[in-house]
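The sequence and structure come first.

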Amino acid sequence: MEMKHRIVVLGAGYTGMMATHGIARRTRNTDVTLVNPTDVFNERLRQHQVAVGQELAVHRIPDLVAPAGAAFVQGRAARIDVVSRSVVLDDGQKLTYDHLVYAIGSTTPRVEHAFTIDDPALAQALRSNAEGVLAVCGAGLTGIEAAAEAAEAYPRMQVVLLSRGEPGSMMGSKARSYLMNTLDRLGVEVRTGVTVTRVLPGAVELDGGGRILTDVTLWTTGVVHARLAAEAGIAVDDAGRVTVDTALRSVSHPEVFAVGDAAAIRQAYGTIHGTCQSGIPTGAHTAESIARILRGKDPRPFRFGYIHQPVSLGRKDAVIQFTNPDDTPSRWYLKGRAAIAYKEAVSSSPLKFYRSKTAIPSAITKRTGGRHNRPTPEAALTT
């Protein structure tokens, strides 16, 4: 009897789920196994809603992958052995692979005396301080959405958004103006040009010695990458992301694919930054690549261009900045009800992909970036 080709996917975030579904739907005579520490799918696009105590539907990972023919193993990967091509879990279980998909995404660094957006204790802390002070450190999209959501949910709370730069600086002037006006309407105090040097119990300390008293501090800035790949001897960049070729294969271990923000993915305009928008296409593309390899064909280069920057501003408002493929703002944007509907469509689309009875072509999950994003020999490696 012919041995089945073994494919292990590490990480059941947006990218790992997309890769698992696509591989299982596209291949035959394979064993596809998805590994994740929990059996509940985390909708990271909605974490700002969970943070203020909103109850969301529970989506079990086994229920999502089983119809596609994939297996699920609950556990945390402790070690990758690239020589024996195996993954050892923290309970000692060993999974061997012929192809490995590395989809362990980045996280926000943990800072003492501060919460992160994915901390399950954050919702209770906000409820307990509904008339207190919330300091949100960092005005990227996570910080903006969290500040707006908290201000809307707890109108008597004083929400202070702290940032070195202006919130929405990546947007065009009209979308950015709308965003700032909405934060002002919600009562969010925006303080720019400041750097938080230390979080203390009940306060944040600013560069220059100033302090802001707080009841709850939320840290939303910076990312850290899992050390698992580097510890296994898989080539990584300075940030700890797996260095990949144009097909998303590890440059040191081509039987390993890396997807989403676990990978340093180079395009003509630069290195992709980790978002659901870019991550899901990498999962779909990897599924297509593995299916091609199993049919004796070469994988195709991955090409990606950005489409939008969607931002929720509470449950009653939003702004969408449409972009050029290199993520610079275009002239088009949406606001208000149209933006709310658009953002909800974006947030709900991944689960529709995972429940599809057919494989989702990577082409419908992205745009390529056109003629300005042609693969080059230099793009095979990421510095």
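Helices (H or I, at least four residues) and strands (E, at least two) are DSSP runs, numbered from the N terminus. The model is predicted: local features need pLDDT of at least 70, side-chain atom pairs count only at pLDDT 80 or more, and totals for chains, interfaces and linings use all residues. Residues are numbered from 1 along each chain as its sequence is written, and side-chain values use heavy atoms, without hydrogens and water.

D261 sits in the loop between β16 (256-258) and β17 (263-264). D261 is buried (under 20% relative accessible area, 1.4 Å probe, protein chains only).

| Partner of D261 | Relation | Distance |
|---|---|---|
| S106 | polar contact, side chain to side chain | 2.7 Å |

The domain assignment, automatic or from a database, gives domain 1 (5-108 + 223-307 + 339-365) and domain 2 (121-219). Their C-alpha centres lie 31 Å apart. Nine residues of domain 1 are in contact with 11 residues of domain 2, contact being heavy atoms within 4.5 Å. The buried area between the domains is about 700 Å², 63% of it from carbon and sulfur atoms; this is accessible area (1.4 Å probe) lost on being put together, summed over both parts. H48, A51 and V52 supply 67% of the area that domain 1 buries against domain 2.

One salt bridge is counted between the domains.

Technical notes: Buried means under 20% relative accessible area, exposed over 50%, partly exposed in between (1.4 Å probe, protein chains only). Lys and Arg count as positive and Asp and Glu as negative; His and the chain ends are not counted. A salt bridge is a side-chain nitrogen of Lys or Arg within 4 Å of a carboxyl oxygen of Asp or Glu. A polar contact is a pair of N or O atoms within 3.5 Å; within protein, one must be able to donate a hydrogen and the other to accept it, and residues adjacent in sequence count only if both atoms are side-chain atoms. Buried area is the accessible area (1.4 Å probe) that two parts lose on being put together, summed over both.
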